[in-house]
Structures are given as C-alpha cells and as structure tokens.
Amino acid sequence: MNTINIGMVGHNFMGKAHSHAWRTAPRFFDLPLTPRMTALAGRDAGRVGAAAATLGWESTETDWRRLIEREDVDLVDICVPGDLHAEIATAALEAGKHVLCEKPLANTVAEAERMVAAAEAAQARGVFAMCGFSYRRTPALTLAKRLVDSGALGPIRHVRAQYLQDWLTDENTPLTWRLDKDKSGSGSLGDIGAHIIDAAQWIAGSDLTGVSALLTTFVADRPIGGDFVGLGGTGGTDGPRGPVTVDDAAMFTARFADGAVGVFEATRFALGRKNAMRLELNGSKASLAFDFEDMNALWFYDAADEPNAGFRRIQATEPEHPYTGNWWPVGHGLGYEHAFTHQAVDFIEAIAQGQAPSPSFAEALQVQRVLEAVATSAADESRWTAI
Ligand code: SOE
C-alpha cells in the first residue's frame, strides 16, 4: 500500500484537529496515499507522550529538528504558534518534506517571504507546501466559491466579512500565547481576521489592494499562568498580571483589485458570538451569505427569481455539494472538524498528482501583506495604506 508518513509538531487545539483529520481522511475518502501518523513532536516528553497515546501517533520526538531529520517522515504538519512557523517550515522544505503550516502563515511579511522562497524552491523538486486556511473546505463556503466562479453573482460590488468570538470578554481570562505579540504576531487580526481575509479574497476571486484600519485593545493586562483549557484557559483573579501585547479587535474598510469594496471586522469580545465567521457578497445579479454558527447553510438571493422571493437557504449537504457525498445521508450535517479532514484529503491528492496545492504559501503571503497593511494603517490614524 502507498503510504505518506506524517510528522506533526504541536498537540494542542490545532494538533487535535489535524490528528483527527489524518486519521479520518482515509476512512471516508479514497486516497492515492494513505496517511500514517508516524511521529508527534512536542517539547515536554511527558505531555507529548500522553498526547501521542490519546491522538494515535506511533512515536514521539521532543525536538522538531529530530522530526525533520527522520527518514520515515514525508510530510511535516506545523501546529505551533506563529513565531516558529518560518524556521520549521523552511527547514522541513529544505530537507525535502512536504509542509502543511497552520495560519496565519507567519508573524511578519519578511518571514512569509522567506517561506514562499523555500516553498517555490521545493516545488521545483516536487515537494509541496500548503497553508491551513481550513474554512475554505467547509462545504457551504466551497459552494459559495463555486457559485461566484460560475458567474452566478455577476461582478462583485460588496464584501462584508466578520469573525466574531467572545472568549476574551472576561478580563480575568489568563494570558496565553495568543495574547503575546512575540508568539502570535497579532491578536484578533491574525488569529481570526486572517481567515476572513483569505476567504473573502478566495471567494471573490480578487485580492485586496488597500485598507483603512483601526485596532484596539480593551483589556491591557491579564493574569499570568492559569490552566490552558480550550482557547481561554482558566485562571485566578489574584496574583500577578502581565501585559496583553496584541489587538483585541480589528476593523477595516478595503478595496479589491476588481473594484469591489469590503468591510472587515474581527473580535474576540463580541459577547454571545462564539464562532460567527460570516461572509456576505453582493454582486450585480445575486447575493450570498454565510454564518459559521449555521455552517451547513448557504443563503442565496437571485435577482432573477420572482419579485420579493427573498433569500433561499441552500442546505449544503446534498451529494453534489463539495465533499458531502463522502459523509452522511442528505441533511445530516457536518461540523468544524470536517474542513480539516477535507484539507488533509486535498493536500494528499495534490501531492500524489504532483500538482501545486491551494492555499499556497504565496496566497498566504498575500494575506500576510493585508495583515501588515492593517497594522500600519491603524498605527497611523487609519491612513489609507496600499497593499
Ligand atoms: C481561536 O480564536 C481560533 O481557534 C482560531 O485560532 C482558529 O483558527 C479558528 O478556527 C477558531 O478560533
């Protein structure tokens, strides 16, 4: 049997999602290469050993460099904070390993450019790199892309994109790496804003060319330590506090290359909104709308319908919809984890066919340029900043 040996770095939230994907992909999709969960890397021997046992990895390493040196690893999957992406990804690509790297691609444009150079050199040798903008593989959003590509919307005029969460609303939610600029690069902007920037550019089929932005931090310091639970963790209200060095919320207006205009908002303080990743596009012929909190639905308004027909709800679970035919009977619905499985499937297929996967590191670099332009604009009284 043809196998592809996976080595993964990191085993927290994303590591769990990716482990599930590698395990599930060959059970629901007919793959040209079967992923084997060969090795898991983490700094602490006890923690990585426990994670490997729980998540189903065959062996462990406590240094990612060792993972990359291993001859029985073909693909390196990077699920650690952004400050390590560039170093691990470039080393892995230079060692001839395919790379799947979590988003945002890097913490700076300079790092992302280095990663693109490494990815392009590797691709010339048949070694591929992909960035984990997983939402692209949520069936309703993949369907949105298909509709736009088919011309159903006509030229796009407006893009409205929001990513709303609320897990930082409590000012005693502890400091974690996502609140440390040195580790994460930015806050809401890079963590969740990057997803809507990528999805908007990809679905609209046009890149952003300039932005006017503002960033804000509502809670300046938070308790140090506390247990990491899910995203926010738990911590006491007593004891030392440390500074939050990233944005809590990011907002910007933007222009697209094809003439469309966009409004973007990313925050982890939208009380009551848990994972509301929302997109709305208005074209000359039709509109579509999506909200991840109702992730199996895509809303579609067609101006050619009878007057006042309103938006129709497309339940994106029919066999002809993207990916869904491989899962459950019609209407049974998919969840957050399925997009990661689809990402693993598509990456393996691209590798087997020798075709460049998407989102490429170059596409992720474009997102990184938008993130940087947003930060530059916000630091200069929302001055219009070209990308
Ligand atoms: C945290 O805000 C987070 O886990 C992001 O890091 C993910 O990319 C997103 O899918 C869900 O929210």
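**Helix packing and salt bridges in the predicted model**

Arginine 178 is found in the loop that runs between strand 7 (156-164) and helix 7 (181-184). In this predicted model, arginine 178 has a relative accessible area of 10%, and because buried residues are those under 20%, arginine 178 is classed as buried.

Helix 8 (residues 188-204) and helix 10 (residues 361-379) have their axes 10 Å apart and pack at an angle of about 125 degrees, which makes helix 8 oblique to helix 10. The crossing of these two helices is right-handed. Sorted by class, the contact of helix 8 with helix 10 comprises eight nonpolar, three polar and one charged residues.

Helix 10 is also packed against helix 5 (residues 109-123), the axes of the two coming within 9 Å and crossing at roughly 170 degrees. Since angles over 145 degrees count as roughly antiparallel, helix 5 and helix 10 are therefore roughly antiparallel to each other. In this contact, Val109, Ala112, Glu113, Met115, Val116 and Ala119 of helix 5 meet Phe361, Ala362, Leu365, Gln368, Arg369 and Glu372 of helix 10. The residues of the contact of helix 5 with helix 10 divide into eight nonpolar, one polar and three charged.

Alanine 362, placed in helix 10, is among the residues that meet helix 5. With a relative accessible area of 37%, alanine 362 is partly exposed. Between alanine 362 and lysine 285, which are 77 residues apart in sequence, the C-alpha to C-alpha distance is 31 Å.

The structure holds 23 salt bridges, of which several can be described individually. Arginine 70 and glutamate 61 meet through their side chains in a salt bridge with an N to O distance of 3.0 Å, and both of these residues are buried. The two also belong to a network of salt bridges that links Glu61, Arg66, Glu69, Arg70 and Asp72.

A further salt bridge is formed by aspartate 221 with arginine 241, the closest N and O atoms of the pair being 2.7 Å apart. Aspartate 221 lies in strand 9 (residues 221-223) and arginine 241 in strand 10 (residues 241-243), so the pair ties together parts that are 20 residues apart in sequence. Aspartate 221 is partly exposed, its relative accessible area being 34%, and arginine 241 is likewise partly exposed, with a value of 31%.

Aspartate 305 and arginine 312 form another salt bridge, in which the closest N and O atoms are 3.0 Å apart. Aspartate 305 counts as partly exposed at 25% relative accessibility, and arginine 312 is also partly exposed, with a relative accessible area of 38%.

Key: Residues numbered from 1 in each chain as written. Predicted model: local features only at pLDDT ≥ 70, side-chain atom pairs only at ≥ 80, totals over all residues. Heavy atoms only, no water. Axes fitted to C-alpha atoms, helices over the stretch in contact; angles between N-to-C directions. Helix = DSSP H or I, 4+ residues; strand = E, 2+ residues; numbered from the N terminus. Parallel < 35°, antiparallel > 145°, perpendicular 65-115°, else oblique. Left-handed = near helix turned anticlockwise from the far one by under 90°. Nonpolar A, V, L, I, M, F, W, Y, C, P; charged D, E, K, R; others polar. Salt bridge = Lys/Arg side-chain N within 4 Å of Asp/Glu carboxyl O. Buried < 20%, exposed > 50% of the residue type's maximum accessible area, 1.4 Å probe, protein only. Contact = heavy atoms within 4.5 Å.
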